[in-house]
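Here's a quick walk through one model, from the overall chain down to a helix pair. Have the viewer open as you read.

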There are 2 protein chains.
Amino acid sequence: MEQRTHLCGELREKHIGESVTLKGWVQKRRDLGGLIFIDLRDRSGLVQVVFNPEVSQDALAIAETVRNEYILHVVGTVVSRGEGTVNKNLATGAIEIQVEKLELINKAKNPPFAIENNTEVAEELRLKYRYLDLRRPVMYDTFKLRSKITKSVRDFLDGEDFLEVETPILTKSTPEGARDYLVPSRVHPGEFYALPQSPQIFKQLLMVSGFERYFQIARCFRDEDLRADRQPEFTQIDIETSFLSQEEIMEMTERMIVKMMKETKDIDVTTPLPRMSYDESMSRYGSDKPDTRFGLELIDVSSFAKESNFKVFTSAVENGGQVKCLNVKGQAGSYSRKDIDGLQEYAGRYGAKGLAWLKFEEDGIKGPIAKFFSEEELATLTTAVEGEVGDLILFVASDKSVVADSLGALRLKLGKDLGLIDQSKFNFLWVTDWPLFEYDAELGRYFAAHHPFTSPVREDIPKLDTDPGRVKAQAYDLVLNGYELGGGSVRIYERDVQEKMFKCLGFSDEEAKAQFGFLMEAFEYGTPPHGGIALGLDRIVMLLAGRTNLRDTIAFPKTASASCLLTNAPSPVAEAQLDELSLKTTVEE
Amino acid sequence: MEQRTHLCGELREKHIGESVTLKGWVQKRRDLGGLIFIDLRDRSGLVQVVFNPEVSQDALAIAETVRNEYILHVVGTVVSRGEGTVNKNLATGAIEIQVEKLELINKAKNPPFAIENNTEVAEELRLKYRYLDLRRPVMYDTFKLRSKITKSVRDFLDGEDFLEVETPILTKSTPEGARDYLVPSRVHPGEFYALPQSPQIFKQLLMVSGFERYFQIARCFRDEDLRADRQPEFTQIDIETSFLSQEEIMEMTERMIVKMMKETKDIDVTTPLPRMSYDESMSRYGSDKPDTRFGLELIDVSSFAKESNFKVFTSAVENGGQVKCLNVKGQAGSYSRKDIDGLQEYAGRYGAKGLAWLKFEEDGIKGPIAKFFSEEELATLTTAVEGEVGDLILFVASDKSVVADSLGALRLKLGKDLGLIDQSKFNFLWVTDWPLFEYDAELGRYFAAHHPFTSPVREDIPKLDTDPGRVKAQAYDLVLNGYELGGGSVRIYERDVQEKMFKCLGFSDEEAKAQFGFLMEAFEYGTPPHGGIALGLDRIVMLLAGRTNLRDTIAFPKTASASCLLTNAPSPVAEAQLDELSLKTTVEE
């Protein structure tokens with residue numbers, strides 16, 4: 001067979017008169033007035049090919065047998081479409097191909113769903129026939145974007161003298177963090193490898209090795225219960241450097257983002273990127289990954305609230321909590337009591353016991369709790385929330401974290417429901433000045449807010465012994481449109497500090513040594529100060545492609561129960577395979 | 001601390017007079033005549049820094065405390081070394097740094113071995129302290145080369161409109177091929193994922209999806225008993241295309257190799273690369289991956305041998321076997337009987353029952369088997385082997401595969417021992433025209449010579465039913481200096497051919513459907529003709545870096561028993577972890 005001369009989607013008026021050879025799939029066939037029109041599709045797009053008995057009877061005869069998704073080899077001439085028949089929705093819509101020769105490359109059964117960008121098909125069916133789902137041009141475009149993103153990132157890092165180094169997938173189980181996937185060893189019966197949750201330890205060891213500048217577009221694994229935006233395996237852009245400060249790492253990351261956004265989306269990102277401290281982000285947005293594409297910020301009215309007669313408010317403040325609110329501008333008329341009950345139910349999922357509200361109406365401030373406030377107090381409130389007629393104020397009174405979680409979630413919901421979000425914006429944001437630890441009151445212990453290798457701010461190191469809860473971290477998260485793209489930190493590089501860190505996290509000396517002894521030992525052999533960042537590639541692709549489902553960015557994703565509907569993985573294995581691994585399943589037959 | 005202004009290894013005479021700030025590791029310290037000289041090392045190389053009491057007493061005082069592998073921050077001025085003190089072995093050897101300011105960034109314990117390129121240290125110790133082993137500049141250079149190779153390959157493929165697509169690591173166990181690593185599922189008790197031996201099925205499915213041009217630098221896994229050149233996880237450059245013929249895929253691969261060799265080694269590779277059929281390669285070199293950097297080819301003397309009185313020879317030929325020999329030119333004098341016994345022992349490892357020999361001496365052809373041949377026969381032999389005085393002829397008589405294996409191995413050994421190999425050569429070679437199957441006489445069944453998805457030559461398809469052993473494959477291996485870099489093939493893309501293939505491999509219809517039903521079903525929905533290639537990255541790096549150990553090309557490799565001596569993986573896990581996976585180990589405590 002002759003080679004292709006062109007791709008379908010690249011043909012334009014300038015090609016008129018040329019003889020072309022195309023190969024592709026039948027998107028659609030129409031028979032009209034003795035002619036046959038076929039939209040032929042390849043990876044580049046569509047072009048219309050026409051079978052005319054006056055050009056080739058043979059080709060027309062074959063074309064009559066052709067159905068959707070058949071694969072054709074077409075030789076013909078590019079001709080202009082008549083004025084009235086130009087298809088403005090198609091890049092190739094000004095021309096068509098008069099076919100002189102047609103060969104059928106392969107047939108196709110009728111697919112279980114149409115190969116079209118806009119699909120209402122159940123995701124289960126799409127995942128079972130993933131190879132057909134991926135035929136939809138929007139999917140190809142997403143993976144093309146993904147490939148361009150990694151190319152751009154690699155070009156940038158290569159230019160900055162980084163080496164891409166592969167770290168092991170078969171490695172050691174670590175208890176801190178999420179649940180590991182385990183891999184039984186055949187050679188060492190009763191022992192297991194673990195799949196890495198990240199290359200963290202290896203990239204730090206490469207800094208001990210003096211590699212100075214490492215990156216990897218790295219597969220990572222977490223055996224977690226899955227949400228819409230989690231997958232058992234995911235990919236991160238993993239970077240580590242020596243001798244750079246937090247500022248320098250952030251600045252370099254910004255240059256990488258600028259290049260990537262320009263090359264993949266032709267968007268100019270202005271640097272330095274905005275920054276916000278963790279405390280400010282929690283206070284203004286009730287979130288450590290705020291969507292800054294719209295306002296509707298949280299307003300602290302605790303000082304007003306504690307003077308009121310409303311017991312829910314006063315006791316919240318007296319118990320060390322807060323009262324905060326959202327001013328939903330101009331929406332007083334749009335939300336009925338029933339609507340607000342719905343919002344209350346929503347806030348409840350995030351721990352709020354209730355959702356108090358007030359409306360600024362023509363004749364004053366109304367609502368079930370209005371009666372608890374004096375005229376003077378209501379005036380104070382009006383100033384605090386910049387209240388105007390038409391505004392709806394929604395309050396949550398509770399402890400700090402419930403207030404943040406529930407109002408933060410409500411803010412996002414209202415932002416979406418009310419169309420406050422400019423979907424064309426890409427709002428990057430650094431969140432900085434993180435606490436080193438989070439305290440889990442239930443378990444009565446500290447957890448690492450990022451991971452156990454994050455360095456405290458140098459001047460806070462003594463507080464590790466005295467007041468760990470107040471130690472700040474040299475950590476920074478990069479946020480885009482309300483999603484955490486990833487985070488980084490300057491790392492601990494001194495054995496004694498690392499030992500203190502493990503102690504704060506409740507490790508005994510023996511446990512710390514058994515798990516991370518080799519790393520702490522490595523620190524003693526001349527370890528440079530180092531730090532880095534890891535960005536979630538799947539999420540970056542999702543946001544840049546304008547998708548909402550992480551599975552659309554992964555060629556062969558797993559379902560929420562971690563199954564592959566295409567291959568049926570996981571699946572039972574032969575008993576002999578388990579015998580070789582010295583394993584028995586405890587599942588009853 | 002100030003930022004670096006330069007890297008150590010990049011300083012030259014043109015920098016003389018400049019003030020520089022360096023950060024790096026102490027390679028060596030020498031105290032001489034009141035001065036201290038330190039070789040400072042960073043990722044770029046070494047530079048000599050000098051501490052002079054007349055320049056800075058403070059810096060000198062700190063320098064006095066400094067030991068190997070300490071990390072220093074140095075500010076100073078680049079000065080010329082005196083005529084007599086230039087170090088020609090060092091790129092920076094014409095200059096040195098007069099240090100004005102010194103800060104100690106970190107201390108180091110005395111390392112368990114010296115950080116030097118040439119090391120006699122046991123590999124076990126190097127692997128336990130891999131982070132120190134990687135500090136040796138030769139190791140950094142190897143990983144820099146590795147990173148450059150993948151960059152070059154990615155640039156090439158991107159330019160050819162390939163998308164890099166990631167395929168799953170958690171996937172389905174397949175019985176054909178090597179042993180799988182298994183990953184127990186927690187969500188589906190009693191079921192397992194497998195780590196992929198290659199992305200083969202997924203890349204073919206991407207062709208069904210119309211992606212047309214896929215690549216991935218992909219991690220692959222095999223739970224095999226390890227040899228020096230095997231690792232449990234390895235990386236391959238994995239490529240698949242639609243609509244291209246074998247010729248076109250090979251031509252594209254050649255262009256990729258040309259670019260890679262030019263960009264990473266500045267070597268011009270001439271194309272088209274040499275080609276040899278599988279049969280010719282086996283016949284001339286006793287190997288399907290011949291090292292063509294030297295001659296010493298196998299010479300078939302069966303027709304001569306069968307006329308002789310030497311029973312070993314005649315019966316080998318009568319039983320369908322062969323007699324072949326090597327003519328070791330001019331080495332008759334160098335190999336004593338004892339030496340030849342050694343060679344015989346070596347050939348014996350490859351199945352040869354004996355190693356007959358003759359020497360061309362001044363006064364005739366000598367050796368224990370000379371007596372079995374007439375003058376006339378010896379004259380025939382002389383012509384066949386182009387025998388001259390001083391030549392040593394080594395014979396193996398056996399079945400075809402033993403002759404090939406043993407003489408092929410002996411040829412390589414002699415090539416090395418006698419220094420016949422030009423180490424500066426990079427001899428690429430395509431081996432083509434493979435058989436589709438290999439027959440295992442012991443198990444009485446066919447195995448796929450490559451894998452079960454390799455397409456037969458189209459005209460041989462009918463022979464699948466009648467004479468599978470004579471079916472040729474559309475397969476091609478790329479060989480470099482006697483190593484198989486990898487192989488490719490045009491794939492089966494029709495369900496009925498794939499079904500026949502599985503039948504030849506001894507699958508029942510049910511087994512084929514259970515394992516590969518989804519792939520065969522996919523073939524029915526409009527699958528283009530497709531094919532590709534997979535090249536072993538680790539081996540490419542090893543050969544281009546001039547290394548002999550695959551472990552030197554992998555940052556954190558496993559030992560021959562698949563252990564990581566650094567992290568102690570694999571290791572026992574908590575019983576609770578196994579409980580979650582519904583597993584029990586059968587190992588006695």
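Predicted model: local features only at pLDDT ≥ 70, side-chain atom pairs only at ≥ 80, totals over all residues.

Residues are numbered from 1 along each chain as its sequence is written, chains are lettered from A and ligands numbered from 1 in written order, and side-chain values use heavy atoms, leaving out hydrogens and water.

Chain A has 17 helices and 23 strands, taken as DSSP runs (helices H or I, at least four residues; strands E, at least two) numbered from the N terminus. Some overall values:

| Chain A | Value |
|---|---|
| C-alpha trace along principal axes | about 90 × 75 × 55 Å |
| Accessible surface (Shrake-Rupley, 1.4 Å probe) | about 24,200 Å² |
| Carbon and sulfur share of that surface | 47% |

Contacts here mean heavy atoms within 4.5 Å. Of those in chain A with a separation of 6 or more, 68% join residues 24 or more positions apart.

Now to chain B. Helix α10 (residues 337–348) and helix α12 (residues 400–417) of chain B have axes, fitted to C-alpha atoms over the stretch in contact, that come within 9 Å and cross at roughly 130° on a 0 to 180 degrees scale. From α10(B), B:Leu343, B:Tyr346 and B:Ala347 meet B:Ser406, B:Ala409, B:Leu410, B:Lys413 and B:Leu414 of α12(B). These contact residues divide into 6 nonpolar (Ala, Val, Leu, Ile, Met, Phe, Trp, Tyr, Cys, Pro), 1 charged (Asp, Glu, Lys, Arg) and 1 polar (the others, Gly among them).
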